[in-house]
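Please keep the sequence and the model in view while reading.

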Amino acid sequence: MESMRDVNRVMEREIKKGSTPLQFEQLNFGDYSYNEISSQEKLVQVLSYLL
């Protein structure tokens, strides 16, 4: 896996070319990597966050 420094260098090169790369903050989900979406309201919240 690439280091964060390598990722940042690639992003800087892309920005100089006129591209607009996206960078996501590291998300921590605690001890669980799986969470059930139990309601339509929660689904809307998750989709809104992703968009």
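## Helices and basis of the model

Helices (H or I, at least four residues) and strands (E, at least two) are DSSP runs, numbered from the N terminus. By that assignment the chain has two helices and zero strands.

This is a predicted model, in which local features need pLDDT of at least 70 and side-chain atom pairs count only at pLDDT 80 or more, while totals for chains, interfaces and linings use all residues. Residues are numbered from 1 along each chain as its sequence is written, and side-chain values use heavy atoms, with hydrogens and water left out.

Two salt bridges (a side-chain nitrogen of Lys or Arg within 4 Å of a carboxyl oxygen of Asp or Glu) are found in the whole structure. R9 pairs with D6, the closest N and O atoms lying 3.7 Å apart, and both residues belong to helix α1 (residues 4-17), three residues apart, or about one turn of the helix.

K17 and E14 form a salt bridge at 3.0 Å, N to O; they are separated by about one helical turn because they stand three residues apart in helix α1.

## Exposure and the nonpolar patch

Buried residues (under 20% relative accessible area, with exposed over 50% and partly exposed in between, 1.4 Å probe, protein chains only) make up 2% of the 51 residues in the chain. K17 counts as exposed because its relative accessibility is 63%, whereas E14, at 26%, is partly exposed.

I37, L43, L47, Y49 and L50 form a nonpolar surface patch with about 510 Å² of accessible area together; such patches join nonpolar side chains (Val, Leu, Ile, Met, Phe, Trp, Tyr) within 5 Å, and like charges within 9 Å, among residues with over 30% relative accessible area and no salt bridge. Accessible areas come from the Shrake-Rupley method with a 1.4 Å probe, and for residues only the protein chains shown count as cover. L50 lies in helix α2 (residues 40-50).
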